[in-house]
Amino acid sequence: MPQRILAQIIEQRELTPSHYRLRLAAPEIAQTAKAGQYVHVLPRATHSFDPLLRRAFSIMRAAEDAIDILYRIEGRGTALLARRKAGETIDVLGPLGLPFAPLTTHNILVGGGVGVPPLVLLAAQAVPEVRIQALIGARAATEIIGQEDFRDYDVPVEVATDDGSAGHQGLVTDLLERQLSQSGLTGQGLTVFACGPLPMLRVVAAMSQRYKVPCQVSLEENMPCGVGVCNGCVVPVLGAGDDYGNYRRICVDGPVLWANEVNWGHYSGDSC
Ligand SMILES: Cc1cc2nc3c(=O)[nH]c(=O)nc-3n(C[C@H](O)[C@H](O)[C@H](O)COP(=O)(O)OP(=O)(O)OC[C@H]3O[C@@H](n4cnc5c(N)ncnc54)[C@H](O)[C@@H]3O)c2cc1C
Ligand code: FES
C-alpha cells in the first residue's frame, strides 16, 4: 500500500555536477518496495507550492529503513531537488507502480543512463540461485551508474560508452546482441529486463523479439498525478480492451510492461 510520508534526507551525495544520489529515511517504503517500483517526490521546500507537481524516481536501494534514488538534473524540479540538504524533510509518495516480474534462471539487465537504478534493486532482491548479467550504457565513463552496486551484489557487469572512455565504445545494445547471439540460452529460462532512453528500449524490445527472449521494459513517462486519475502518462499498447482502450496508464499499470505489449509504432514518448 503506498504511503505519503515526510522523509528526512539522510544524505544528498553529488556524484557528478548533474547526478545525485539521495538517501531518505523511509521505513514504510523501504520495507515493502519491490524492484521496478518508484516514488513520487515533491522537490520543493514544505512552505512552497513551486513546483506544483511531483517528480517520479525509481527506487534504487531499499534497506535498513531507508531508500536511495539516483537522479540526473533535467529541469526545474530536479534542480530544486539537488538543493535540498541532509536533515531537511521531503514529501514522498510510494512505493508506486507495478514491479518487474520475478527473475528467471538466466537474466540480462540492460540499463541506459538514469535507467539503471531500478535494475540495481532487481539485482539486490535476487535469490542466489538465479544468474544475472548486467549491461550498462552511458555517455562517458563519468556517467556510468550502478557499476559498483552490481559488483557489491556479485553481478558481472559490462559497460558501453558513447565516447569509448570506458568499456565498449558504442551502444549498450551492441553488448546485448553479443550476449544473445553467443550465450546459447535463448529459450532456456532467459529473460531481458531493460530501463533507459526510449530509443534504447525500442532496440532492446526488437532484439529480444528477434531472439525469441521474453523482455520487460520499464518506461519513463512524465507523471503528473502518479495515481491513475489524470491520464497524463498513457502509453499505446497492442490488443488491450480495458477501460483505457489501447492505452495503459504507466503510473499504475506500469511502469514495467512486457515489451511485446507496447505498440512501439505508435509510441513517441511524449504523452503529456
Ligand atoms: C517511473 C519513473 C522512474 C524514473 N526514475 C528516474 C530515476 O531513477 N532517475 C532519474 O534521473 N530520472 C528518473 N525519471 C525521470 C524523472 O522523473 C524526470 O527526469 C523528472 O521528472 C524531471 O523533472 P524536472 O522538473 O527536472 O524536469 P522538467 O522537464 O522541468 O519537468 C518534467 C516534467 O514534469 C512535467 N511538468 C513540469 N511542470 C509542469 C507543469 N507546470 N504542468 C504540467 N506538467 C509539468 C512536465 O511533463 C515536464 O516535462 C523517472 C521517471 C519515471 C516516470
Ligand atoms: S500520472 Fe496521472 S494517470 Fe498516470
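**View 1. The β1–β2 hairpin of this predicted model.** Strand β1 covers residues 3–16 and strand β2 covers residues 19–25; their pairing is antiparallel and runs over 7 bridges.

**View 2. The pairing of β1 with β7.** Strand β7, residues 89–96, runs antiparallel to β1 and is joined to it by 6 bridges. For a landmark here, look for Ala7, which stands opposite Ile90 in β7. As a reminder, strands of a sheet pair through backbone hydrogen bonds, either parallel or antiparallel.

**View 3. The open sheet of 7 strands.** Now step back to take in the strands around β1. The sheet is open, its pairing is antiparallel, and its strands follow the order β4-β3-β7-β1-β2-β6-β5. At the edges sit β4 (55–58) and β5 (61–63), each of which pairs on one side only. On average, neighbouring strands of this sheet are turned by 35° against each other, direction ignored. Helix α3, made of residues 117–124, packs on the sheet and touches β4, β5 and β6 (66–72). The direction of α3 makes about 40° with that of β5.

**View 4. Helix α5 and its buried face.** Helix α5 spans residues 172–183, which makes 12 residues. From first C-alpha to last, α5 reaches 16 Å, close to the 16 Å expected at 1.5 Å a residue. Its buried residues are Val172, Thr173, Leu175, Leu176, Gln179 and Leu180. Seen down the axis of α5, these buried residues fall within an arc of 150°, so they line one face of the helix. The general rule is handy here: an α-helix has 3.6 residues a turn, so residues three or four places apart point the same way. On the face turned away from the buried side, α5 carries the exposed residues Ser181 and Gln182. The cover over the buried residues of α5 includes the strands β8 (106–112), β9 (131–138), β10 (157–161) and β11 (168–169), as well as helix α6 (198–210). After α5 comes Gly184, with a positive phi near 65°.

**View 5. Helix α6 and its packing partners.** Helix α6 has 13 residues and reaches 18 Å between its first and last C-alpha atoms, close to the 18 Å expected at 1.5 Å a residue. Met200, Leu201, Val204, Ala205, Met207 and Ser208 are buried in this helix. They pack against β8, β9, β12 (190–195) and β13 (215–218), and against helix α5 from the previous view. Lys212 follows α6, and its phi is positive, near 55°.

**View 6. The whole chain, for orientation.** Taken along the principal axes, the C-alpha atoms fill a box of roughly 55 × 45 × 35 Å. Of the 272 residues, 44% are buried. Among contacts between residues at least 6 apart in sequence, 63% join residues at least 24 apart.

Methods. Residues numbered from 1 in each chain as written. Chains lettered and ligands numbered in written order. Predicted model: local features only at pLDDT ≥ 70, side-chain atom pairs only at ≥ 80, totals over all residues. Helix = DSSP H or I, 4+ residues; strand = E, 2+ residues; numbered from the N terminus. Expected span 1.5 Å × (residues − 1). Buried ≥ 20, exposed ≤ 12 C-beta atoms within 10 Å, placed from the backbone. Arc of directions from axis to C-beta. Contact = placed C-beta atoms within 7 Å. Pairing = 2+ DSSP bridges. Axes fitted to C-alpha atoms, helices over the stretch in contact; angles between N-to-C directions.
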